[in-house]
Amino acid sequence: MKRIAGWMLASPATLAITLLLVLPVAATIGMTFGPSDGGPWGIVQPYANFFDSAFQRRVLWRTFEVAGWVTVISLAAGLVTAYVVARCPPWMKSTLVVLAVFPLLTGVVVRSFAWLVLLGRQGMINEFLLWTGMIEAPLSMLYTPGAVIVAMVYIFVPLMVLVLVGVLENIPEDLLQASSSLGAGPVASFVQVTLPLAVPGLIVGAVLVFTASFTSYATPHLLGGSRQMMMGTFLQQRAMVAFDWPGAAVVAAIMLAVIVATVLVMTRLARRLNPMAT
Amino acid sequence: MTLPLTIDAITAHYGTTKVLEDLSLSLAEGELVSLLGASGCGKTTTLRLVAGFLQPTSGRITLGSKDLTRLPAHQRDIGLVFQNYALFPHLTVRENVAFGLKQRKVATAERLKRADAMLDRVGLAHLADRLPAALSGGQKQRVALARALVIEPPLLMFDEPLSNLDAKLRVDMRVEIRQLQRANGTTALYVTHDQEEAFSISDRVAIMHQGRIMQLDTPEVLYQRPANAFVANFVGFENLIPLTVSARNGALVTAQTAEGAVLELSQDQLGPIPDRFTLATRPDGLVVTTDPAASGLPATLGLRTYLGRAYQYQAKAGGLSVVANSALSQPLDAGAAVRLTPNPEQCAILQPE
């Protein structure tokens with residue numbers, strides 16, 4: 001009886017996930033396989049075709065690189081910020097958290113646009129540098145991977161701070177006291193106690209940020225342009241401009257595979273740094 | 001290594017609340033002193049001040065010839081055992097024990113050897129490769145003890161180390177703590193709210209109340225000769241009877257309550273008795289007799305409870321409420337008129353405050 005009730009309770013969500021996620025993903029992946037006599041690689045010939053193109057390999061590598069840098073920079077910036085916030089008295093803590101989260105209230109498109117205004121040829125940064133005389137001609141900062149990285153870090157750091165404040169707050173105070181009573185200074189305590197215990201949170205944050213930046217579309221579209229294409233913009237171009245649905249499905253499947261592989265590697269790494277992390 | 005600890009006129013505040021006032025305490029080399037009191041009495045605050053987790057408003061703390069008062073916690077060289085063990089969950093038992101040696105830049109091979117030797121001493125050598133999560137409470141506390149001892153600190157401090165363990169284990173562990181502390185000859189400060197625990201393992205006990213030490217003495221003196229009403233009450237002298245001496249005859253003293261009830265006491269048994277004093281007695285220290293001619297406090301019995309070895313009576317003696325235990329085989333009913341005679345072995349004389 002209890003088991004039936006359990007199944008009944010779980011069924012709406014299970015049904016929704018099956019209909020809206022599992023089936024479409026399965027259909028998309030199904031679409032990526034070619035006929036068995038389609039070429040030397042058999043049914044995986046479409047994937048071989050993708051990796052045959054130097055352009056497409058570059059898009060994949062660029063996406064990987066950009067997402068990697070965004071993740072690393074967000075981790076570092078988020079950890080430092082969260083460490084400071086977690087150590088504040090309670091009233092100040094809530095204020096700082098609200099301030100950190102404030103940018104999340106605006107959409108990703110709007111926030112990417114803000115960087116368009118800042119980084120453009122006649123943008124505020126160029127205007128300022130020209131006015132001070134530090135440069136003579138405007139720098140071209142837009143439509144570079146750097147611009148995409150800067151904007152994405154700006155978008156994802158609040159998320160990272162939120163995740164890490166929670167994790168750092170949960171590290172018991174007396175572990176740090178024990179560490180200092182055993183002779184570890186503030187830096188040694190941070191490296192040997194706080195950091196390993198924060199690993200589960202760092203992994204959650206890294207996975208969130210890596211996934212979101214690897215698959216992002218709006219920011220690379222606005223700040224990377226068509227010359228600095230990333231997997232998200234490339235997918236859109238394949239599907240909506242070239243109407244090459246099987247090709248777009250291959251791109252989607254490769255993105256999925258990269259993300260799953262990255263998550264697995266990060267979890268493995270986490271377990272080596274902190275055997276308690278799962 | 002062992003050093004004496006001196007806490008000199010320490011005052012401490014949490015925000016604007018004063019939690020310790022002008023507290024002084026000295027521990028001789030190798031001595032184990034307990035701070036005993038209810039929660040909020042300032043015992044843990046004192047320990048945290050010595051550990052360096054809190055800063056005093058005024059006063060000085062010295063360990064041997066080293067002034068600790070403004071020294072950061074990690075330079076104090078004190079072995080600390082926490083109530084909830086505070087083991088590093090991401091390190092194995094061996095790495096936990098070796099942690100302090102690592103901070104002291106002891107070479108890897110040497111520190112693992114010393115950690116293993118210390119684990120052997122606390123009987124946990126076979127668990128060295130486990131993570132703390134896989135240990136029982138008693139095992140965790142042993143690891144915490146080994147971790148504090150392996151750095152050979154001149155001072156050991158314990159913050160309610162046994163309160164998360166079950167009763168049987170508490171007794172075993174406190175014996176073990178005492179043996180290790182004795183064997184190393186390390187000076188130790190031990191914080192607890194458990195009177196039996198404090199009395200059983202300490203050289204001296206400081207009973208604390210509202211940020212002050214009410215009495216600092218050996219357990220025997222505290223138990224038999226409390227210095228004031230607070231300590232008397234704390235160690236189980238539940239009845240406090242104010243008396244005035246009306247006649248002296250050699251060692252024999254006749255004293256009266258405010259209502260005129262007369263008691264006869266012997267200075268041979270109770271020590272010198274001043275003219276005005278308070279007689280403190282345990283419930284066992286008031287003998288219940290139904291003989292109206294006997295000397296003692298006239299009293300009326302109230303509620304009776306059964307303790308197994310005796311009956312306990314709530315009684316009214318004039319304006320005083322007292323508690324008396326009586327091993328009488330026949331229980332007495334509420335309202336019975338009795339005499340309560342002090343048994344000097346369960347009594348103490350308190351000087352007027």
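The secondary structure of chain B in this predicted model comprises 9 helices and 20 strands, where helices (H or I, at least four residues) and strands (E, at least two) are taken as DSSP runs and numbered from the N terminus. Residues are numbered from 1 along each chain as its sequence is written, and chains are lettered from A in the order in which they are written. Local features need pLDDT of at least 70 and side-chain atom pairs count only at pLDDT 80 or more, whereas totals for chains, interfaces and linings use all residues.

Along the principal axes, the C-alpha atoms of chain B fill a box of roughly 80 × 45 × 40 Å. Of its 353 residues, 42% are buried, that is, they have 20 or more other C-beta atoms, placed from the backbone, within 10 Å of their own. Among contacts (C-beta atoms, placed from the backbone, within 7 Å) between residues of chain B at least 6 apart in sequence, 65% join residues at least 24 apart.

Strands S17 (residues 311-317) and S18 (residues 320-326) of chain B run antiparallel and are joined by 7 bridges, pairing being assigned if DSSP finds at least two bridges between two strands. These strands form a hairpin with 2 residues between them, and Gly318(B) in the turn has a positive phi of about 60 degrees. Within this pairing, Gln314(B) stands opposite Val323(B) of S18(B).

The contact between the chains draws 17 residues from chain A and 18 residues from chain B. On the side of chain A that touches chain B, helices H8 (173-181) and H9 (186-214) each supply at least two residues, and H8(A) gives the most, with 6 residues.

Methods
Contact = placed C-beta atoms within 7 Å. Buried ≥ 20, exposed ≤ 12 C-beta atoms within 10 Å, placed from the backbone.
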